[in-house]
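Please walk me through this structure, one site at a time.

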Amino acid sequence: MYIFKEIHSLQLHLEAEKKAGRTVGFVPTMGALHDGHISLITAAREQSDVVVCSIFVNPTQFNDPKDYEKYPITINEDVSKLVAAGTDVLFLPTVAEMYPEGVHGEHRHYDFGYLETVLEGAHRPNHFQGVGIIVHKLLEIVQPTGLFMGQKDFQQCMIVKKLLEITQMPVNLVICATRRETDGLAMSSRNMRLSADERKLATAIYNVLVGLKQNIGSTPLPDLKQNAILALEKQGFLVDYIEVADANNLRVVSAPIPEGMVALAAAKLNEVRLIDNMLL
Ligand code: AMP
C-alpha cells in the first residue's frame, strides 16, 4: 500500500492509474478504523480497480472542540487493517495540507437547504458545512469514479448526495449497510471511548430502534417516540432526538407513510455522543 501525505504526490500517482484506464474507488474516513470502515473498503475493492482510503480528522466538522481533541487516533493499527483489506493507497494529509487557507479561513458555503436544518444539522451547528468543505476538497483531489460511504451516517449520505448535485461532480455515490457488533450496537470509532459499563448500556440505542420498527404499525408514532426516549433516559442517556422521517428527503413524519421511512437517533452517554438509524 502506498501512503501519501501530500496532495501533489497523490495526484501524480492517481493520474498514472487513470491514464492506464483504471477506475478509482474512494473511502474517506477519520481513522480509528473498525469493521464498518473495512466493509466500505471491501465494497470499493469489489467495484474498483484502485482503492484509495483517506484518514483525516477534519477540524471544521467538529462543533464541540472537546470531541475533536478526544477523537481516537490509532494510525498503526489502521495501516495494518487497510493493508489486510487490500487497500492500494492511503492518503494521510496534515491539517495544513488540507487547509492552506487556515481552518478558520474563508470557506465556500453550501446551500444544503432543509437537510441542514434538522436532526444532526439542528444539534451540531456548522457540522454539515464542515463535511461539505472536506468532502469537496477530497473529491477534487482524488477525482474518484466511486465514493463509498456508510448508511450509519444517514443524513451525511444525503448531504453528500446534495453536494454532488451542487458541484456537478461525476462521482457514483455507493451507500453501504451499517455494520453492527453482535449485540446490535452500530460500530463507531467513538465506541472506543465508552467504559465497559457504558458499552453494555450503549446497545439500548439499537434496541429502541428495533422496538420502533416492530411497533410502527400498531402504536401511534408520538407514543412510540416518547417511549423510546424514556427507555434511553432510563439507561442514563441524554437524548438529542429520536425521529421518524421520510427516507427520501428526511422530512420528519408524525404518522406512518407508505414511501419508506427511517428512524434516527442521537444520544449522549456521559461524554460520548452516539448516532444510529434504521430503515422501517
Ligand atoms: P468516519 O471515520 O466516522 O468519518 O466514517 C467514515 C465512513 O465510514 C463514513 O462513510 C461512515 O458512514 C462509515 N461508517 C462508520 N461506521 C460505520 C458502520 N458501522 N458501518 C458502515 N459504515 C460505517
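Asp-276 lies in strand S9, which spans residues 272–279. The model is a predicted one.

Is Asp-276 buried or exposed? Its relative accessibility is 4%. Buried means under 20%, so Asp-276 counts as buried. The side chain of Asp-276 has a polar partner. It makes a polar contact with the side chain of Arg-180, at 2.8 Å.

Ile-205 leads on to a helix pair. This residue of H10 takes part in the meeting of H10 with H11. Helix H10 covers residues 204–215, and helix H11 covers residues 221–234. Their axes come within 10 Å and cross at roughly 160°. Angles over 145 degrees count as roughly antiparallel. H10 and H11 are therefore roughly antiparallel to each other. Their crossing is right-handed.

Which residues meet where H10 and H11 come together? From H10 come Ala-204, Ile-205, Val-208, Leu-212 and Asn-215. From H11 come Leu-221, Leu-224, Ala-228, Ala-231 and Leu-232. By class, the residues of this contact are 9 nonpolar and 1 polar, with no charged residue.

Now turn to helix H7, which runs over residues 127–142. His-127 is in this helix. With a relative accessible area of 6%, His-127 is buried. How far from Asp-64 is His-127, in sequence and in space? The two are 63 residues apart in sequence. Their C-alpha atoms are 9.6 Å apart in space.

H7 also has a helix partner, H1, made of residues 7–19. The axes of H1 and H7 come within 9 Å and cross at roughly 50°. That angle makes H1 oblique to H7.

In this pair, H1 brings Ile-7, Leu-10, Gln-11, Leu-14 and Lys-18. They meet Glu-140, Ile-141 and Val-142 of H7. The contact of H1 with H7 has 5 nonpolar residues, 1 polar residue and 2 charged residues.

How values were computed
Residues are numbered from 1 along each chain as its sequence is written. This is a predicted model: local features need pLDDT of at least 70, side-chain atom pairs count only at pLDDT 80 or more; totals for chains, interfaces and linings use all residues. Side-chain values use heavy atoms; hydrogens and water are left out. Helices (H or I, at least four residues) and strands (E, at least two) are DSSP runs, numbered from the N terminus. Buried means under 20% relative accessible area, exposed over 50%, partly exposed in between (1.4 Å probe, protein chains only). A polar contact is a pair of N or O atoms within 3.5 Å; within protein, one must be able to donate a hydrogen and the other to accept it, and residues adjacent in sequence count only if both atoms are side-chain atoms. Axes are lines fitted to C-alpha atoms, for helices over the stretch in contact, and angles run from 0 to 180 degrees between N-to-C directions. Angles under 35 degrees count as roughly parallel, over 145 as roughly antiparallel, 65 to 115 as roughly perpendicular and the rest as oblique. A crossing is left-handed if the near helix is turned anticlockwise from the far one by less than a right angle, and right-handed if clockwise. Contact means heavy atoms within 4.5 Å. Ala, Val, Leu, Ile, Met, Phe, Trp, Tyr, Cys and Pro count as nonpolar, Asp, Glu, Lys and Arg as charged, and the others, Gly among them, as polar.
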